[in-house]
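Welcome to this short tour of a protein model. Have the sequence and the 3D view at hand, and we will go through some of the contacts together.

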Amino acid sequence: MLRFTLRRILQIIPTVVVVALLIFVIFSVVPGTFAASLFADGKRAADPQMIARLNEEFGLNKPLMERFVTYVTDLAQFDLGTSFRTRQPVIDLIHDRMWASLKLAIAAMVFALVIGVPLGFLAAMRPGSVLDTVTMIGAVSGLSMPQFWLGLLMMYLFALQLNWLPSFGYGNGSFQNLILPAITLGVTPLALLARTTRAGVLDVLNADFIRTAHSKGMSEIKVVRWHVARNALVLIVTTVGLQFGSLIGQAVVIEKLFAWPGIGSLLVDSVAIRDIPVVQGTILVIVLWFLVINTAVDLIYAAIDPRIKQE
Amino acid sequence: MLKKLTLAAMLSLGVATGALAAGERSGGTLVFTAPYGSSFATLDVQASPNTQEEFITQAIHRGLYSWDSVQNKPVLELATSEDISADGTVRTYHLRKNAVFHNGKPLTADDIIYSYKRIANPKNAFSGASFIAVIKGADDYIAGKAEEISGLKKIDDHTLEITYTGPINPGFPLMQNTTVIYPSNVEDETSFAKTPVGLGAFIFKEHVPGSQVVVEKFGKYYEEGKPYLDRINIVLMGEDAARDVAFRNKEIDVSILGPTQYQAYQGEDGLKDHLLEVAEVYTRNIGFNPAFEPFKDKRVRQAINHAINAPLIIERLVKNKAYPASGWLPISSPAFDKEQAAYAFDPEKAKALLAEAGYADGFEFEVTASPNESWGVPIVEAILPMLKKVGITVKPKPVESSALGDAVTSNTFQAFIWSNLSGPDPLNALRCFHSKTLQSACNYTSYASPEFDKLYEAAQQERDPAKQSDLLRQANNIVQDDAPVWFFNYNKAVMAYQPWIHGLVPNAMELAIQPYDDIWIDETAPARQ
């Protein structure tokens, strides 16, 4: 198990290196600079001297290779650089936003798990029933609904019409402010989990060993608990892992809509003004988050199903 | 037509100032929105030229000058009076004796000298250095050739003499967000980015990155009886749709409206009576690059101005949230010529002008455009069929905002569509058409006219404001005739406010920025206030 764990962790390193290289190359060739973005709204006249001073200060006049070497050297020392805009270390900016993003992702995932998995399970246990049909219609709707539109709908219903919840903001981290963005973000993984769980459970229910368990006189509850749930779990954990890993990236739209102070909105702002160190740092953190979650899933996977570890 | 529009603009100002009412009441929390992004870059506002940070500046800081939205000009803020030398280059400021920083330090001339040196310090590379450059000796200091700014001289604690590079109005550069005054007794300058200390009516309380800044009433503010509010939550809300829901839900007290919302709010009882409108100081335009052969000919540029039905686009696409442009200087500019007619929509005249210029069969050109709904790709798409009718084919070249700035300042465009600052100072606005102004500075269309230069240079030397305005008005009309751009519109900014909010002003510089110390909340406000 230790070798398996180490192997999985070591696999993260080349992925991060490739991603870092890609981000650097992409943002070196896309048009637009931070200095130019300062007057992009046309609210002030361009100042060539200021542009020259800023480009000099941020080392943007240096050759591409030299900048790349500096970037990689800093990265190897876990230094994500300094923001052009705030002139603060990128790591501090990410740190300021990370907890809000994690909170949102965790809340959305909990919401998806608590509702999606039982619904999928129950739908699979009674295929073709009203519950099954309603669950699957709901799941397809959840998957196909644009998050931005759904968020606006939630705001309109729960804030404006019912006046139950605040429509936006972080509210000093209060639970009330978390509900609407978390539900909006959680709907897609919920729908996916419900569908995956249903498919996984149905697959297991039709397996030979379940028929054998029934024929041996095992009670329905025991069959579900010892055989169905455990075998379906592998598929559910995979889906949870993939969804949880990508939630922080997906949260960009939700964070912007609900004025939620996560790293998604930090990333969008930074791309718009070409604050390259922040863009690079934020994307790296999102990628790292995805990789860590996936590695964790692989490890859980191995614990659930020993065959994977042997492979 | 133009007189009607000017009247409409003035009426808007009237409506706006109607928000100022008697019977000010103290107390309450104002929930103000900062709509230009989802974060504050820094709380060290001297370091940031962004509009988003101006929301903080207005609450916490003060500069030597400030913008008076009612008088529509810069006024002295931290000085009670000034003496001006005969040649207009030296000004002696008598500073307020009752102005105190939030850390308890009284304002002195040292603080102003310290602040201006910090802004101009080449090691900091602050964008505000270009504003300090109007002070004599600042250029050498910025270039690292001098230890001091020679034009700054402390007479005593409360008297400061500043020598400027010419007989300019220093109010415009020294009222900027990036030229506010910091206390000179803070040892760790990096602390300004986390815990700002200023002279403003509100003291910094809390910053939740990406969410909000909270400020509270400063008891020692120099304006007696002000501010009225106990607290302001400046919340970040970049999304129009979300702001709309929050405003209707009474969670926020003000909201800046886009064209679609403006149209919707105008049709709704309870909302339409609480709209503050102002003609802002921006001119939306399509700039033509004379390096592109057809644009070398003035008749081609004039033809484009005649071929496009700007009022129709303003009505249908911009939902009347703009005033048609009749030249470069906007309605709120003191040098605006209300007698000057805009280019009439006349496709036949456009065709004739094109034929005269040798382009009877038309030509094709590319417009570099950002996605902005009011001055970007949607507008280019709207002019496309109009120009096609006179034989000109337009191809939009969509780019991001920061890439637009790059393309324009590096002169790598055939035409661009943008919204550019055109006020409030007409001298500064028309500088962008002076032949000595670099293309990469703001002479984006590489405009050069000896006739214009002569008038502009005369205006630079003129001390009488009325005569100066007259010269600039004439210069502006030359630009209009030469048509280096397609004159599209002047922005009309619209702010919706809750009925219990008073003291908002029609700030033509930027409507979203309001003088918080004048704002008060009446007794009809909901319990949260």
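## A buried aspartate and its partner

B:Asp482 counts as buried, because its relative accessibility is 14% and the cut-off for buried is under 20%. Keep in mind as you look around that this is a predicted model. The partner of B:Asp482 is B:Lys298: the two form a salt bridge in which the closest N and O atoms are 3.6 Å apart. This pair links distant parts of the chain, with B:Lys298 in helix H8 (residues 298–307) of chain B and B:Asp482 in helix H15 (residues 465–482) of chain B, 184 residues apart. B:Lys298 has a relative accessibility of 31%, so it counts as partly exposed.

## More salt bridges to find

How many salt bridges are there over all chains? The count comes to 30. One of them joins B:Asp110 to B:Lys154, with 3.0 Å between the closest N and O atoms. Here too the pair links distant parts of the chain: B:Asp110 sits in helix H3 (residues 109–120) of chain B and B:Lys154 in strand E6 (residues 152–156) of chain B, 44 residues apart. B:Asp110 is partly exposed because its relative accessibility is 33%, and B:Lys154 is partly exposed because its relative accessible area is 34%.

The side chains of A:Asp208 and A:Arg211 meet in a salt bridge of 3.2 Å, N to O. Both residues lie in helix H9 (residues 208–215) of chain A, three residues apart, which is about one turn of the helix. A:Asp208 and A:Arg211 are both exposed.

Now go back to chain B and look at B:Thr108, which has its place in the loop between strand E5 (90–95) and H3 of chain B. Is B:Thr108 buried or exposed? It is buried, because its relative accessibility is 11%. Leaving aside residues up to four places away in sequence, B:Thr108 touches B:Leu95 and B:Asp157.

## Where the two chains meet

Let us turn to the interface. There, 49 residues of chain A are in contact with 56 residues of chain B. About 4200 Å² is buried between chain A and chain B, and carbon and sulfur atoms give 54% of that area. Of the area that chain A buries against chain B, A:Lys43, A:Arg53 and A:Phe168 supply 15%, more than any other three residues.

How many salt bridges does the rule find across the interface of chain A and chain B? It finds one. In a salt bridge that pairs residues of the two chains, the side chains of B:Glu400 and A:Arg274 meet at 2.8 Å, N to O.

## Two helices side by side

Helix H7 (residues 147–161) of chain A packs with helix H6 (residues 240–248) of chain B at an angle of about 5 degrees, and their axes are 10 Å apart. Angles under 35 degrees count as roughly parallel, so H7(A) is roughly parallel to H6(B). From H7(A), the residues A:Leu152, A:Met155, A:Tyr156 and A:Leu160 meet B:Ala241, B:Ala242, B:Val245 and B:Arg248 in H6(B). In this contact of H7(A) with H6(B), seven residues are nonpolar, none is polar and one is charged.

## A closer look at H6 of chain B

Which residues of H6(B) are buried? They are B:Ala242, B:Arg243, B:Asp244, B:Val245, B:Ala246 and B:Phe247. Their cover includes H7 and helix H10 (220–257) of chain A, together with strand E1 (29–34), strand E11 (254–256), helix H7 (259–266) and strand E17 (485–497) of chain B. After H6(B) comes B:Lys250, which has a positive phi, near 65 degrees.

B:Phe247 is buried, because its relative accessible area is 3%. Not counting residues up to four places away in sequence, B:Phe247 touches B:Ile252, B:Asp253, B:Val254, B:Ser255, B:Tyr265, B:Leu271, B:Ala496, B:Tyr497 and B:Gln498.

Methods
Residues are numbered from 1 along each chain as its sequence is written. Chains are lettered from A and ligands numbered from 1 in the order in which they are written. This is a predicted model: local features need pLDDT of at least 70, side-chain atom pairs count only at pLDDT 80 or more; totals for chains, interfaces and linings use all residues. Side-chain values use heavy atoms; hydrogens and water are left out. A salt bridge is a side-chain nitrogen of Lys or Arg within 4 Å of a carboxyl oxygen of Asp or Glu. Helices (H or I, at least four residues) and strands (E, at least two) are DSSP runs, numbered from the N terminus. Buried means under 20% relative accessible area, exposed over 50%, partly exposed in between (1.4 Å probe, protein chains only). Axes are lines fitted to C-alpha atoms, for helices over the stretch in contact, and angles run from 0 to 180 degrees between N-to-C directions. Angles under 35 degrees count as roughly parallel, over 145 as roughly antiparallel, 65 to 115 as roughly perpendicular and the rest as oblique. Contact means heavy atoms within 4.5 Å. Ala, Val, Leu, Ile, Met, Phe, Trp, Tyr, Cys and Pro count as nonpolar, Asp, Glu, Lys and Arg as charged, and the others, Gly among them, as polar. Buried area is the accessible area (1.4 Å probe) that two parts lose on being put together, summed over both.
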